[in-house]
Amino acid sequence: MKENCDHTANPANEGFFDPETWTYTYVVYEGDSSPCVIIDSVLNYDLKSGRTGTKLADEVIAFVKAHKLQVSWILETHAHADHLTAAPYLQSHLGGKLVIGDHIKNVQTVFKGVFNLDDRFKADGAQFDYLLKEGESLAFGRLSLKALFVPGHTPACMAYEIGDAIFVGDTLFMPDVGTARCDFPGGDARTLYHSIQKILSYPGQTKLYMRHDYPPNNRPATGMTTVADEKASNIHVHDGVSEDQFVQMRTARDKTLEMPTLILPSIQVNIRAGHFPEPDANGVAYLKIPLNAL
Ligand SMILES: [Fe+2]
C-alpha cells in the first residue's frame with residue numbers, strides 16, 4: 001500500500017467532457033483564487049477540412065477565469081493518438097508550463113522516424129517546458145502532484161496522483177470498458193498490466209479519474225471510479241485475472257482494432273507539445289500522411 005503524497009487530501013477538480021473524442025480535461029485546484037493544474041486538454045479538429053477549433057479549450061479558459069485560478073502546470077499524461085492537445089493555446093491565454101513524462105523522448109524518436117521529420121525536430125523533449133520523472137512531485141500552491149510512470153499503452157505514459165485521487169490517463173478505463181490498447185509503437189500489454197497493478201495497489205477508496213470514457217449500454221459518460229471498483233469489476237483486469245490472461249486478451253483484442261481516426265494529425269502535433277509544424281513560405285502549416293507505413 002502506498003500513501004497519498006500530499007498534505008491536502010481533497011483538492012477540487014472539474015472535468016470537461018468532449019463528446020467528439022470521448023475525453024475528459026481536468027482542472028484541479030484547491031479553491032477559488034488558488035493555483036491550479038490542467039490535465040490533458042483537447043483542441044477540436046475537423047479531419048475533413050483540416051481546421052482546428054477551440055470550443056472545449058475555451059470552456060476550460062472560462063472556468064479558470066471565473067474561479068480566478070492561476071495555472072501553474074499544463075500536463076499531458078501521454079502523447080495522445082486520438083485527439084490534438086490544446087496545451088499551447090491554453091498556455092497563451094492562461095500561462096503555466098507545459099509538462100509531460102521524460103520518456104516522451106522515446107516516443108518522439110519513434111515518430112520522428114515514422115514521419116521522416118528533419119533535424120529541425122529535436123527528439124529531446126525541448127518542445128515542453130518540463131519533463132517529469134517517475135516519483136517526482138510538482139507543487140501548485142499548497143497542493144502537489146506526484147508523477148507515476150505507467151507505461152504500456154504508450155512507453156511514456158504518466159499518471160498523476162493528487163491528494164486522494166489519481167488521474168490515470170489511458171492506463172485504465174471505467175470498469176465496464178476495461179483497458180486501453182497497447183499496439184501503438186512502443187506499447188506493450190505485459191508492461192501495461194504491471195502499470196495497472198501499480199495503480200490498483202493504492203487504497204480501495206482512492207478515486208481514479210479517467211482520461212476517456214466510452215460508456216456502453218446507454219450508461220451516461222462518467223469520468224471517475226475507485227480502486228476498489230476497478231478491482232471488483234473491471235472487465236479486463238478485475239481481481240483474479242492473471243498477467244498471462246490479460247496479455248492474451250489484450251493482444252487478441254488489439255488485433256481487431258482499427259487505427260484511431262485522428263492518429264496521424266494527433267501524433268504529429270502532440271509530439272511537438274501541441275505546436276503545429278513550422279509553416280511553409282506561404283504561412284500555412286502542413287501535416288504529413290505516411291503511406292503504407294503504420
Ligand atoms: Fe491514449
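This is a predicted model: local features need pLDDT of at least 70, side-chain atom pairs count only at pLDDT 80 or more; totals for chains, interfaces and linings use all residues.
View 1. Strands, like helices, are DSSP runs numbered from the N terminus (strands are E, at least two residues; helices are H or I, at least four). Strand 12 covers residues 165–169 and runs antiparallel to strand 11, with 3 bridges joining them; two strands pair if DSSP finds at least two bridges between them. The two strands form a hairpin with 2 residues between them. Gly-163, in the turn, has a positive phi of about 60 degrees. Residues are numbered from 1 along each chain as its sequence is written. Local features need pLDDT of at least 70, side-chain atom pairs count only at pLDDT 80 or more, totals for chains, interfaces and linings use all residues, and side-chain values use heavy atoms, with hydrogens and water left out.

**View 2. Strand 11 and its neighbour, strand 10.** Strand 10 (residues 143–149) pairs with strand 11 in the antiparallel sense over 4 bridges. Lys-146 stands opposite Glu-161 in strand 11. In a regular strand, side chains alternate between the two faces of the sheet. On one side of strand 11 are Met-158, Tyr-160 and Ile-162, on the other Ala-159 and Glu-161, and all are buried (under 20% relative accessible area; exposed is over 50%, partly exposed in between; 1.4 Å probe, protein chains only).

**View 3. The iron ion.** His-78 (NE2), His-153 (NE2) and Asp-170 (OD) coordinate the iron ion at 2.1 to 2.2 Å. Donors are N, O and S atoms within 2.8 Å of the metal (3.2 Å for Na, K and Ca); water is not among the atoms, so sites may look incomplete. His-78 and Asp-170 are both buried.
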